[in-house]
Amino acid sequence: MTARLTAPNPQLNELGKLKHLLTLEGLKQHHLTEILDTAESFIDPNTNKIKKVPLLRGKSIMNLFFEPSTRTRTTFEIAEKRLSADIESLDIQTSATKKGESLLDTLWNLQAMQADMFVIRHAESGAAHFFAQHVAPHVHVLNAGDGQHAHPTQALLDMFTIRKKKGDVFDLKVAIVGDILHSRVVRSQIQALSILEAREIRVIGPKTLLPEHPEALGVHVYHDIEEGLKDVDVIIMVRLQNERMKSALIPSEKEFFKRYGLTEKRLALAKPDAIVMHPGPINRGVEIDSAVADGPQSVILEQVTYGIAVRMAVMSVIMSNAAQLAQHQAEQEQSALAEENAEMENPQ
Amino acid sequence: MRLAILNARVIDPSQDLDKVTNIYMARGRIAEIGDEAPEGFSADQEIDATGKWVVPGLVDLQARLGEPGSIFAGSIASETRAAVAGGVTTICCPPDTNPVNDTQAVTELIQRRARQAATAYVMPIGALTQGLEGKLLSGIYSLIEGGCVALSQANRPVQSALTLKNALEYTASLDTVVMLRCEDQDLKNNGVAHDGPVASRLGLPPITPAAETSALARDLVLVEESGIRAHFSQLSCARSVEMIAEAKKRGLPVTCDVAIHQLLLSEMDVLSFNSLFHVSPPLRSLRDRDALLAGVRSGVIDAIVSDHTPLHRDDKLLPFGESQPGIIGLETLLPLVLKLVQEGQLDITTAIKAVTQTPAEILQIPTGSLQTSRPADLAIIDPEGIWTFDKDSIISEGKNSPFIGWEFIGKVEQTFFQGRPVYKNNEV
């Protein structure tokens, strides 16, 4: 009848290139690899340091955080500075909207201050889509986390880390452990892993922390961590929020660690060269044992470094797509004009 | 004024009528339906309705009219105009006004405004509890005496089982019907979308079907114990239809309705985070939608309502979860019902019955029928008129419709209320 089974992808421009980054859902492999390859180019192969480049000189980026964040916001700011952009960061939960200014008025005001790109974090799922719908055509929106929906740059940096350590995401077995239900990071990770054709994606956790329809995400579900970790190449641990105990979804941190905590003994069930990831900040002794977090298989701190390169890549790819589109449109106008002139010179 | 509508296909389920004939109206009432005029009848005006359909004016069990108060957009005048443009001539307005319709004074205010507008019957529904807070009983007898046709809690179901039990038992001795929306607020939690694959994918806080079904189970038990006549409003789940079917089979005096958008939309429509699809109860799975349609076909679901909720523009200009739930429906109720008929989902008699005869019978009011001496409320439809529902043509003060841009076949040409023309297409 009338149901639409696929939503249009509002984040691509007329040439099918990224205009906004709202979610990874609906993107093609080439969209992701372009970002990952670009990120690679920002890292000095000898020193592993991240270069400063003038790619976004003269561009104005505004970081709008409607929800508090330290790490994501800091890495975005560092990435923007490394791209030589002019930046402004606003904690909106403490300013305008508290005074009763509407969300859109805030956005339009900031847009009038000549922003080229908004990096937005918001507590409501779909907020990034909402903003992308209402910004001026030349303004780009980058989702830095919306509700429980998506956190695409975090997932991309995770893919980058996996690529660095494993060469490729293709054909790997990946287990994600913990609070899957409330995690926007996990939703984006799962999409990234399927786009890059991981062989198997497992989610491990109690039923109360899994979405009602995990099959809609294309994952295998395990309630038993020992079973779920068998022979995997990558283990991604998810942070457990305090609120989950308060809303009676799990009994206690202690019991959670007993049943789902990543210990050395459990890690041994995975492939011997398996890597351990965590989007941070970690809860030692809640979802992960210190010995594992600080152990040789952990890549948790490298993730943070790569996060800068990947966010630089996303922003530079989006801005270069915009430049390419502008050029394309100018060429089209020119050829249309040339045709018109030709017709005028050679009237039939 | 004596009026004759000639050569129309008259569809009136209340008298098993579906044939081409004439309608004669006098003094605001139906004088007769038949090929010959009643004796001594001479029409002041004749309308040739060859090729057109005539149906009783629709009876809508739930439509918010925006008055009193400013929570919703619109006024009784504006929304009744929207109603008759959609062929709706009897509107029941839920008590979630501001102030809440929990006293005779508010009921009388609504009635007065409706008399001034004079384009449709407005039937106020009184609040079961004071302020709809679910704690203290309203003056239920006074509300009925003042003209409320039913009692309800609108979208704020009584959470305390004891309070509801008392309210139902107190009301049972009065000859009225209680309308119940079933939703356990605890289970609903902070949910905004059906707990299905789409919410799982989009990370929207989910509303489990159990929020409706567990509340319905509780309410059915309390209804049975009190012996009251109960009507369940806006079902959304397949399981709820089964539960009502079972209750009816056991002889309980219960009826129920579904909002028209639940029969055409589903959770899939939420995929783009479009807040126009944010409604309460939420759009559920395709399976639920099919079960609701089957429920209408089998008669388990008695009525189809618009659940008309006109909202201010700013209330929808927000991310999905922060936006106000609600859809305007008065102007699209009949077009969407006809669409279901065209798609083969419902036969014409069942469809029209669910928006005319049955809702009127539930409230024991004399509208929704073209029988002799009933109010001459009717709509003339051009069954072949093709039109698009576009935003600029919306009469309601609320523009919050997900059906904007939909193409419809069959449009209301004229609406009569108490024998007077209250709407004529392209002339409003």
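**Terms and the values behind them**

Me: Why does B:Phe273 count as buried?

Reply: Its relative accessibility is 7%. Buried means under 20% relative accessible area, exposed over 50% and partly exposed in between, with a 1.4 Å probe and protein chains only, so at 7% B:Phe273 counts as buried. This is a predicted model, in which local features need pLDDT of at least 70 and side-chain atom pairs pLDDT 80 or more, whereas totals for chains, interfaces and linings use all residues. Residues are numbered from 1 along each chain as its sequence is written, chains are lettered from A and ligands numbered from 1 in the order in which they are written, and side-chain values use heavy atoms, without hydrogens or water.

Me: Is B:Arg27, which has a positive phi, buried or exposed?

Reply: B:Arg27 is exposed, since its relative accessible area is 72%. Its phi is about 50° although it is not a glycine, and it lies in the loop between β2 and β3 of chain B.

Me: Why is the pair of B:Tyr24 and B:Phe41 called edge-to-face?

Reply: The structure holds 10 aromatic pairs over all chains. One of them joins A:Phe130 and A:Phe131, which are edge-to-face at 5.7 Å centre to centre with 65° between the planes; both residues are buried. For B:Tyr24 and B:Phe41, the ring centres are 5.3 Å apart and the planes stand at 70°, so that pair is edge-to-face as well. The definition pairs rings of Phe, Tyr and Trp (its six-membered ring) with centres within 6.5 Å, and calls planes under 30 degrees apart stacked, over 60 edge-to-face and the rest tilted.

Me: What does the pair of B:Tyr24 and B:Phe41 tie together?

Reply: B:Tyr24 lies in strand β2 (residues 17-26) and B:Phe41 in the loop between β3 (29-34) and β4 (45-48) of chain B, so the pair ties together parts that are 17 residues apart in sequence. Both residues are buried.

Me: How do you know that a charge sits over the ring of B:Trp53?

Reply: The criterion is NZ of Lys or CZ of Arg within 6 Å of the ring centre and within 35 degrees of the ring normal. The charged end of B:Arg9 sits over the ring of B:Trp53, 4.6 Å from its centre. In chain A, the charged end of A:Arg311 sits over the ring of A:Phe76 at 4.9 Å from its centre.

Me: How do you know that the length of α4(B) agrees with that of a helix?

Reply: The expected span is 1.5 Å times one less than the number of residues. For the 12 residues of α4 (161-172) of chain B this gives 16 Å, and the end C-alpha atoms are 16 Å apart, which agrees.

Me: Why are the buried residues of α4(B) placed on the same side?

Reply: B:Thr163, B:Leu164, B:Ala167, B:Leu168 and B:Thr171 are buried in α4(B). They cover an arc of only 130° around the axis, taken from the directions from the helix axis to the C-beta atoms, and this puts them on the same side of α4(B). They pack against α3 (140-145), β9 (150-152), β10 (177-181) and α7 (210-226) of chain B, where contact means heavy atoms within 4.5 Å.

Me: Why is α1(B) described as largely enclosed?

Reply: Of the 10 residues of α1 (76-85) of chain B, 8 are buried, so the helix is largely enclosed by the rest of the structure. Among the elements that the buried residues pack against are α2 (104-117) and β17 (407-417) of chain B. Just after α1(B), B:Gly87 takes a positive phi of about 80°.

Me: What makes A:Arg239 partly exposed?

Reply: Its relative accessible area is 26%, so A:Arg239 is partly exposed. The residue is in the loop between β8 (234-237) and α8 (243-246) of chain A. An unreviewed UniProt entry places the feature "binding site" at A:Lys99, A:Arg184 and A:Arg239; such annotations may be inferred rather than shown by experiment.

Definitions and conventions. Helix = DSSP H or I, 4+ residues; strand = E, 2+ residues; numbered from the N terminus.
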